[in-house]
Amino acid sequence: MSDAESMDCIRLVELVTDYLDGVLDPDTRARFDRHLGECEGCHNYLQQLRSTVSVLGKVDSGQLDPAFRDRLLAAFRDWR
Amino acid sequence: MTVSTADEDSLVAALRLGDEAAFAALVERHTPSMLRVAGGYVASREIAEEVVQETWLALLKGIDTFECRSSLRTWLFTVLVNIAKTRGMRERREIEVQITAFTGGAVDPARFRADGQQWDGHWKEHEAPAPFPDTPEGSVLGDELLAVTRRELDKLPARQREVLTMRDVLGMTAAEVSALLEISAVNQRVLLHRGRAALRQTLEDYLKESR
């Protein structure tokens with residue numbers, strides 16, 4: 001693997017956010033994809049990160065403090 | 001929490017007619033994230049709650065002129081951050097400080113092979129990540145995982161927490177968050193990257209222990 005074509009794992013983990021946001025330049029993205037296809041550790045790293053994002057998407061469901069909800073609804077009734 | 005625009009539009013329409021159930025649904029959906037973001041600007045939970053309440057009242061007062069073209073979520077958080085800033089003492093400069101203050105990488109460098117070794121910069125044999133196990137919704141592990149995630153999110157530096165909440169908890173786009181927080185696209189991504197890396201590490205540690 002020549003330097004121009006390869007990508008280290010330690011480098012890849014710093015590019016994951018750019019990768020997921022689709023802002024890597026085409027050349028870097030191609031090297032990223034090639035590395036991913038060959039490296040189970042990095043493949044798993046990306047899977048872990050995707051799972052992390054998906055868990056984050058659920059953290060606030062059903063978390064509203066009932067006392068605060070009641071205060072907001074009381075404010076709504078006052079307004080109306 | 002990704003919400004369809006059509007669904008939100010109909011709630012806004014109902015709110016215009018004074019529908020309390022529509023207000024309750026919107027409050028339920030957005031308030032926990034609003035409290036977390038407000039908490040990054042002000043000194044106490046009490047003040048954060050006041051900021052959130054003031055934001056909801058601002059929406060009610062402006063509901064007749066509220067344009068559905070702009071997303072309600074973006075509107076709410078823009079108003080929230082503005083109110084929080086006037087109530088808080090922290091300055092925007094803090095963002096830059098938090099970005100430059102960081103020195104570590106996304107992953108502990110000790111997990112990679114050292115320079116000069118064969119395959120340097122690649123995962124060490126027993127340090128490579130393993131896939132996360134399934135944690136079905138409603139399962140004990142799933143609930144615990146959410147609690148661990150919430151705790152870690154609360155521990156992040158305020159600006160990372162704010163960006164992570166907007167991007168990953170609320171599902172806003174990179175462009176929306178940069179515009180709303182008046183930070184560059186690059187800084188927005190740096191904050192997101194660090195926040196996600198910290199959360200990933202926490203979940204990896206937690207899931208390894210619970211195996």
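Some ground rules. Residues are numbered from 1 along each chain as its sequence is written, and chains are lettered from A, with ligands numbered from 1, in the order in which they are written. Because the model is predicted, local features need pLDDT of at least 70 and side-chain atom pairs count only at pLDDT 80 or more, while totals for chains, interfaces and linings use all residues.

Confidence next. The model scores ipTM 0.91 and pTM 0.89. Chain B has an average pLDDT of 88, and 89% of its residues score at least 70. pLDDT is the predictor's confidence in each residue, from 0 to 100. Within chain B, helix H2, residues 20-39, has the highest confidence, with a mean of 96. Helix H5, residues 93-100, has the lowest, at 59. Where pLDDT is low, the predicted coordinates should not be read in detail.

Now chain A. What is its secondary structure? Chain A has 4 helices and 0 strands. Helices (H or I, at least four residues) and strands (E, at least two) are DSSP runs, numbered from the N terminus. The radius of gyration of chain A is 22 Å, well over the 12 Å that the globule rule gives for 80 residues, so the chain is more spread out than a compact globule. That radius is taken over C-alpha atoms, and the rule is 2.2 Å times the number of residues to the power 0.38. Along the principal axes, the C-alpha atoms of chain A fill a box of roughly 70 × 25 × 15 Å. Of the 80 residues in chain A, 24% count as buried. Buried means 20 or more other C-beta atoms within 10 Å of the residue's own; exposed means 12 or fewer; partly exposed is in between; C-beta atoms are placed from the backbone.

On to chain B. It has 9 helices and 0 strands. Of its 211 residues, 37% count as buried. Take the contacts in chain B with a separation of 6 or more: 65% of them join residues 24 or more positions apart. A contact means two C-beta atoms, placed from the backbone, within 7 Å.

How many residues meet across the boundary? 9 residues of domain 1 of chain B are in contact with 11 residues of domain 2. On the domain 1 side, H2 and helix H4 (72-87) of chain B each give two or more residues. H4(B) gives the largest share, 5 residues. By class, that side has 3 nonpolar, 4 polar and 2 charged residues. Here Ala, Val, Leu, Ile, Met, Phe, Trp, Tyr, Cys and Pro count as nonpolar, Asp, Glu, Lys and Arg as charged, and the others, Gly among them, as polar.

Now the core. The largest nonpolar core has 62 residues. Why does it lie between the two domains of chain B? Domain 1 (5-87) and domain 2 (93-209) both give residues to it, so the core lies between them. A nonpolar core is a set of buried Ala, Val, Leu, Ile, Met, Phe, Trp, Tyr and Cys residues joined through C-beta atoms within 7 Å. Ala38(B) is among the residues with the most contacts inside this core. Leaving aside residues up to four places away in sequence, Ala38(B) touches Ala48(B), Val51(B), Val52(B), Leu80(B) and Ala84(B).

Next, where the chains meet. The contact takes 37 residues from chain A and 46 residues from chain B. On the chain A side, helix H1 (9-20), helix H3 (40-56) and helix H4 (66-79) of chain A each give two or more residues. H3(A) gives the most, with 12 residues. The chain A side divides into 16 nonpolar, 10 polar and 11 charged residues.

Asp21(A) touches Ala174(B) and Arg189(B), not counting residues up to four places away in sequence. With 16 C-beta neighbours inside 10 Å, Asp21(A) counts as partly exposed.

Trp119(B) is not a glycine, yet has a positive phi of about 60 degrees. Trp119(B) sits in the loop between H5 and helix H6 (140-155) of chain B. Buried or exposed? Trp119(B) is exposed, with 12 other C-beta atoms within 10 Å. Glu182(B), also not a glycine, has a positive phi of about 55 degrees. Its place is in the loop between helix H8 (174-181) and helix H9 (185-209) of chain B. Glu182(B) is exposed, with 9 other C-beta atoms within 10 Å.

Notes
Domains from an automatic or database assignment.
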